[in-house]
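Thanks for coming. I'll take a few minutes to walk through one structure, so please have a look at it first.

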Amino acid sequence: MNNRQIHKFVERYLEATGCGILEKSPSHFMVKLSPAADRELTGRPYYWSFVDRTGAEPETMSFLFVTDRDKYDAAEAKAAEKEHSFVSAPPGGVEAALGRSFGHIHGSLNAVRMPREDLYFGSRRLDQLFQAVRSGGQFVCLFQEPESRKPHPLESVPYTPWLGVNIRVGFECDRKREELHSYGISLATGVCVEQFYDRLLKLKMTPRLPANIHIARSSLTITKAAGMIEQQLERKLKSYDYSWAEEAAARLDDELERIQLYYEPLIAGAEDEEQHAAITAQYANRQDEIRWQLSPRVTASAINCGIFHLAGID
Amino acid sequence: MQRPLNSTEQPGTETTGKKLHPNASLYMDRSWHEELNDRIQRNGPWDDWSIFQLAVEASQATLVTSFEELQCLRVLPAFEPMEHQVGTARKVLHEMGGRAILADEVGLGKTIEAGLVLKEYMVRGLVRKALILVPASLVLQWVRELNSKFGISAVAQKKEHTWQYDVVVASMDTAKRDPHRSILLDQDYDMLIIDEAHKLKNRKTTNYQFVGKLRKKYCLLLTATPVQNNMDELYNLITLLKPGQLGGQSDFSANYVVDKRIPKNEDRLQEALSQVMIRNRRGDGGIHFTKRIVKNIIVELSEEEQELYHAVTAFVKERYDESGGDMTSMLSLVTLQREVCSSRDAVFITLVNMFKKMPEESPMRAKVWELVEVIRKIKANSKAEKALELIRSIDDKVILFTEYRATQEHLLQFFKSHDLTAVPYRGGMNRGKKDWMMDLFKGRAQVLIATEAGGEGINLQFCHHMINFDLPWNPMRVEQRIGRVHRLGQKNDVKIYNLCTKGTIEEHIVSLLHEKINLFELVIGELDHILERFEKEELPLEQRLAKLMLESSGEAELQSELETLGSSLNRLRSEAGSSPEHGAPLSALLDNLGDSVEVRP
């Protein structure tokens with residue numbers, strides 16, 4: 001993700017969660033969080049449980065989110081310079097006196113605290129946004145918005161319910177590689193397609209049931225449909241290159257053999273029961289560790305999924 | 001889906017596995033079926049479509065698309081690791097399967113290498129739980145580095161419940177004791193990192209056995225000295241990491257060892273070692289660091305100052321004899337004597353504090369007062385004048401270190417009255433103020449007067465003149481001072497000026513540190529070894545010096561005692577210099593396990 005993509009991402013998050021954007025430029029946002037976003041981002045579970053129990057009016061936090069450090073700092077420096085050239089008179093006597101007794105006072109005492117957060121790829125705050133959207137965007141139920149032409153009041157458009165799921169596939173041994181797969185399956189007919197998510201992005205979707213449509217009856221249960229997606233994925237994955245797994249398996253065998261050569265004479269030469277047991281246990285532990293480290297495996301887990309009602313019968 | 005199938009769990013704990021290939025099975029996470037069904041039954045609640053899309057984008061952005069490419073480099077915009085560090089991380093990840101001994105020479109950044117490896121595994125989702133065991137004195141430093149450089153939320157172990165955190169840094173001594181020990185042995189650690197791992201060279205120790213019992217997937221052992229005394233240490237270390245890598249103990253002795261420090265079958269041994277160990281070392285030809293140029297500047301005390309010095313010395317000696325040789329209460333007295341060599345202000349403050357603490361009827365009060373009277377007579381500070389003269393002649397940024405707050409204040413005043421801009425720096429300042437002082441020093445102030453050399457963030461590569469207004473008796477602290485200026489990034493030779501008052505204890509100390517240990521010109525890291533050895537046999541050097549000074553009956557005796565101390569340090573130094581791997585066949589072999597790094601400033 002580059003700065004621009006991050007900026008866009010943050011903007012969409014703030015809008016989606018209903019945060020109040022007080023000020024923005026291509027390199028920053030000043031924002032007052034919505035209660036929903038505050039709960040996700042500020043890590044104040046006690047405060048929020050207090051609000052929930054007492055019904056007190058919540059006071060959400062404000063942040064300065066900087067999405068392009070260099071640009072923002074340059075702009076700030078320039079602005080400061082400009083301001084500097086205007087202010088020539090030294091600060092008033094009263095302020096100076098106050099400053100002496102209270103230390104430097106910035107602006108008004110009531111100014112909202114606005115901590116600055118730099119959002120760059122890899123920063124904690126951005127990771128947290130990622131976490132937040134992952135847990136907050138898991139299950140949806142949506143309808144395709146009908147074409148804008150006025151339909152005949154008595155004419156009803158048929159819709160098909162689809163199960164769509166985005167899957168992260170991991171190829172793992174002591175190393176790891178990942179892929180994203182998106183499948184959709186028509187619950188009416190059992191037609192299964194790849195890259196379903198891309199198809200969705202081309203459509204306009206709404207959570208509200210549109211007028212004048214009727215939905216085809218599902219002939220598949222979710223579990224059945226998910227099973228079919230699984231099979232489809234499995235078929236696809238079978239055609240992959242597994243030389244990485246062969247290499248890992250060979251390494252695994254090597255390592256197991258190496259510790260076997262080490263431990264077996266030790267176990268044979270144990271002086272008493274106790275020592276025998278201890279070494280055997282240690283050997284078993286080592287074997288487990290090595291398997292844990294090197295066993296090749298492929299994992300598949302859903303990122304998110306939903307029921308998508310699309311126009312037409314498929 | 002709440003908790004995606006945890007890739008860091010051991011295979012076998014997952015429920016279904018379908019063969020995709022003779023060597024690889026597919027494990028499907030099905031937890032989402034139920035949740036989706038559930039929501040359909042209850043008709044919601046449904047998540048927001050835009051958030052759903054953002055979730056997909058977040059997953060795309062964090063996807064690990066290749067086995068090889070280091071992902072962590074994308075997420076570390078805050079600093080740039082050096083080439084050999086990245087190379088080492090790559091090797092550990094791709095060739096060693098995450099189990100390695102990092103044995104770079106001191107100063108090449110083993111911590112950075114370990115951090116890179118850890119971060120990479122974390123980014124790839126292969127490590128979630130990591131345990132880092134280090135000497136107690138390094139815990140906070142590790143936590144800071146991991147947090148600031150790598151954005152890894154590491155916590156320092158404080159209480160029992162701290163162990164629940166994902167990345168914990170703890171001291172070995174704590175970890176191996178109950179109740180902690182049993183908690184740790186009950187966990188599966190995706191990664192274990194042990195700093196100063198040469199302390200695990202003896203397989204009979206509890207440390208060694210404890211580490212052997214910890215369950216871990218990946219493991220890094222960090223040490224600059226994989227072999228200190230004999231090759232068995234190396235064997236033990238490697239066996240801890242990968243049992244059998246060098247065969248059984250008897251195979252090892254038979255195959256590889258001629259004598260405790262002399263290997264045989266070097267090629268095979270090297271081959272075996274290179275699979276588990278990386279050792280980068282400083283290049284031989286290139287410039288490692290710029291030079292340190294030391295100059296001792298003798299200051300002649302004025303008559304009044306002389307008088308004070310003698311008066312204080314007599315006072316201190318008297319107290320010591322009275323106390324019957326009790327050292328504990330004497331250290332403050334020794335301080336007094338050292339302060340005389342720094343400034344009258346420092347002595348004065350200490351005397352006033354002593355005076356306040358004494359009971360009113362104490363006869364000592366009168367004696368203290370006498371000393372104060374002597375102070376009163378002193379009109380000028382010869383050392384401060386010398387310093388001023390020196391700074392003017394340098395005509396460049398200078399950092400001046402003193403041990404005492406009072407001296408610091410005095411110098412600030414004194415310099416100010418001579419139109420020399422100086423700013424203070426001390427441990428008690430908060431972060432913001434420290435940064436501010438640093439900025440001022442970078443900007444218009446010519447001099448920084450510091451009482452503390454430790455702590456992060458005081459990196460003064462832009463300055464290459466330092467004055468030791470007075471010297472700590474603990475050589476590590478002297479080294480720390482120098483290290484602030486003389487570090488990677490310093491482009492000039494560093495000039496070190498030691499101000500030392502003639503005819504005082506200070507003169508002896510300077511000569512001991514400079515001529516005997518050659519402290520100022522030691523290779524970085526060498527001092528650790530010398531002191532470690534010294535303190536095995538003796539009290540810490542500081543205390544040893546204080547004792548020496550109090551107990552000697554006269555100048556001549558002091559002189560000869562210091563001479564003895566000096567030569568024993570000198571001996572340790574030559575041992576330290578020769579014993580780890582200089583020129584030995586073993587060292588040549590170890591040195592082939594990595595690259596020679598030209599650390600250019």
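A residue is called buried when its relative accessible area is under 20%. Keep that in mind for what follows. One caution too: this is a predicted model.

I'll start with chain A. It has 314 residues, and 43% of them are buried. Its secondary structure comes to 10 helices and 11 strands. Of the contacts in chain A with a separation of 6 or more, 72% are between residues 24 or more positions apart. The chain exposes about 17,200 Å², with 54% of that from carbon and sulfur atoms.

Now to one strand, β3 of chain A, residues 62-66. How many of its five residues are buried? Five of the five, so by that cut-off the strand is mostly covered. In a regular strand, side chains alternate between the two faces of the sheet. Here, A:Ser62, A:Leu64 and A:Val66 point one way, while A:Phe63 and A:Phe65 point the other way.

What does β3(A) pair with? Strand β2 of chain A, residues 28-32, runs antiparallel to it and is joined by five bridges. Strand β4 of chain A, residues 116-118, pairs with β3(A) in the parallel sense over three bridges. A:Leu64 takes part in both pairings: its partner is A:Met30 in one and A:Arg116 in the other.

Last, chain B. Helices α12, residues 303-323, and α13, residues 331-340, have axes that come within 9 Å and cross at roughly 170°. They are therefore roughly antiparallel to each other. The contact includes B:Leu308 and B:Phe315 of α12(B) and B:Leu336 of α13(B). Its residues divide into eight nonpolar, two polar and one charged.

Technical notes:
Residues are numbered from 1 along each chain as its sequence is written. Chains are lettered from A and ligands numbered from 1 in the order in which they are written. This is a predicted model: local features need pLDDT of at least 70, side-chain atom pairs count only at pLDDT 80 or more; totals for chains, interfaces and linings use all residues. Side-chain values use heavy atoms; hydrogens and water are left out. Helices (H or I, at least four residues) and strands (E, at least two) are DSSP runs, numbered from the N terminus. Buried means under 20% relative accessible area, exposed over 50%, partly exposed in between (1.4 Å probe, protein chains only). Contact means heavy atoms within 4.5 Å. Accessible areas come from the Shrake-Rupley method with a 1.4 Å probe; for residues, only the protein chains shown count as cover. Axes are lines fitted to C-alpha atoms, for helices over the stretch in contact, and angles run from 0 to 180 degrees between N-to-C directions. Angles under 35 degrees count as roughly parallel, over 145 as roughly antiparallel, 65 to 115 as roughly perpendicular and the rest as oblique. Ala, Val, Leu, Ile, Met, Phe, Trp, Tyr, Cys and Pro count as nonpolar, Asp, Glu, Lys and Arg as charged, and the others, Gly among them, as polar. Two strands pair if DSSP finds at least two bridges between them.
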